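Let's go through this structure together, one feature at a time. Ask whatever comes to mind as you look.

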Amino acid sequence: MIEVSINGEPRKLAAGMTVAGLLAELALPGDKVAVERNLEIVPRSTFAQVALAQGDRLEIVHFVGGGQDDGDGWEVAGRQFKSRLIVGTGKYKDYATNAAAVTASGAEIVTVAVRRVNVTDRGAPMLTDFIDPKKFTYLPNTAGCFTADDAIRTLRLAREAGGWNLVKLEVLGEARTLYPDMAETLKATEVLVKEGFDVMVYCADDPIAAKKLEDLGACAIMPLGSLIGSGLGIQNPVTIRMIIEGAKVPVLVDAGVGTASDAAAAMELGCAGVLMNTAIAEAKDPLLMARAMKLAVESGRLAYRAGRMAKRRYADPSSPLAGLI
């Protein structure tokens, strides 16, 4: 027998057991998880050949819950999408509700967090059982990462688990505000782009920082509307508008949306899209709110395309004054 660590927990295994044998013992599908051994990713193609040894430290992860076609789709990293709403997969009471809300929202992209597999409960459900990655684009993110190194490691595992290069990077500065640490974010962006990732980046609503991210190769800029999970709406519309005007890549508001009017406001600024999670997941009726957000994003986009009227200091009558009786 040998003793290894699996997701931080000690476990005794038969000597000579391979990674494939371990996954079979844990009743885990090899095509839905990624395995890291002593900080090195084990390629899925070698699961049957890699034998485990005494003292190995293993991490086994998977993805968890973290439009109308009118010819006005959008593109990111060469991929075409119709819906401009991206939704998260966290905070729902269960995966079934999450899946129903995603369907109601009309979203084509869902963000997913990378977390350790529950090896003690072999029957624990997986997000992929409810939201089919063949029907939706999974956008792995680095929620909960506070350093560039942790974020890079997480996304390497995500690529191994699902094979996707399109990812969402967020490197947080502190737990109280979940505000982005831009120095670490810039560092991680540079490394990930060089490794072939298409990186959509959560960032501060700072036009200078946004430009630096684009220069490093970010495929989308995602300034926060307000603090993650706050529901405070867009606090700095002027700076977000400046980011949009200076960017050659899509700009999407990420974080802070609380209700449908916030989503519409983001789209009226000219954003390519909106990403949200808590506003739907914590609504009293998540499915109804998901539909409201879908309509808000669509109406906000239509209003932006239509062009709003000019603001005036004084009244301007709707009916002509000439010919009054």
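Q: Is K168 buried or exposed, and how do I read that?
A: You compare relative accessible area: buried means under 20%, exposed over 50%, and partly exposed in between, with a 1.4 Å probe and protein chains only. K168 comes out at 4%, so it counts as buried. Bear in mind that this is a predicted model: local features need pLDDT of at least 70, side-chain atom pairs count only at pLDDT 80 or more, and totals for chains, interfaces and linings use all residues. Residues are numbered from 1 along each chain as its sequence is written, and side-chain values use heavy atoms, with hydrogens and water left out.

Q: Where does K168 sit, and what is it in contact with?
A: Helices (H or I, at least four residues) and strands (E, at least two) are DSSP runs, numbered from the N terminus. K168 is in strand β11, residues 166-169. Contact means heavy atoms within 4.5 Å. Setting aside neighbours within four places in sequence, the contacts of K168 include L139, N141, Y202, M222 and D254.

Q: What does UniProt list for K168?
A: UniProt positions are given in the numbering used here, feature names are shortened, and annotations may be inferred rather than shown by experiment. The unreviewed UniProt entry lists K168 under "active site".

Q: Which residues of helix α7 are buried, and what covers them?
A: In α7 (residues 260-268), the buried ones are A260, D262, A263, A264, A266 and M267. Their cover includes β14 (252-254), β15 (273-276) and α9 (286-306). After α7 comes G270, with a positive phi near 110 degrees.

Q: Which residues other than glycine have a positive phi?
A: As background, most residues other than glycine have a negative phi. Here, A27 has a positive phi near 60 degrees, and L39 has one of about 70 degrees. A27 belongs to the loop between α1 (19-25) and β3 (34-37), and L39 to the loop between β3 and β4 (40-42). A27 is partly exposed at 47% relative accessibility, while L39 is exposed at 62%.

Q: How do α3 and α4 cross?
A: Axes are lines fitted to C-alpha atoms, for helices over the stretch in contact, and angles run from 0 to 180 degrees between N-to-C directions. The axes of α3 (residues 148-162) and α4 (residues 182-194) come within 8 Å and cross at roughly 35 degrees. A crossing is left-handed if the near helix is turned anticlockwise from the far one by less than a right angle, and right-handed if clockwise. For α3 and α4, the crossing is right-handed. Among the residues making the contact are I152 and L155 of α3, and A188 and V191 of α4.

Q: How many aromatic pairs are there?
A: Rings of Phe, Tyr and Trp (its six-membered ring) pair if their centres lie within 6.5 Å; planes under 30 degrees apart count as stacked, over 60 as edge-to-face and the rest as tilted. By that rule there are three aromatic pairs. One of them, Y95 with F130, is tilted, at 5.7 Å centre to centre and 45 degrees between the planes. Y95 is in helix α2 (residues 95-105) and F130 in the loop between β9 (109-116) and β10 (137-141), 35 residues apart. Y95 is buried at 18% relative accessibility, whereas F130 is partly exposed at 39%.
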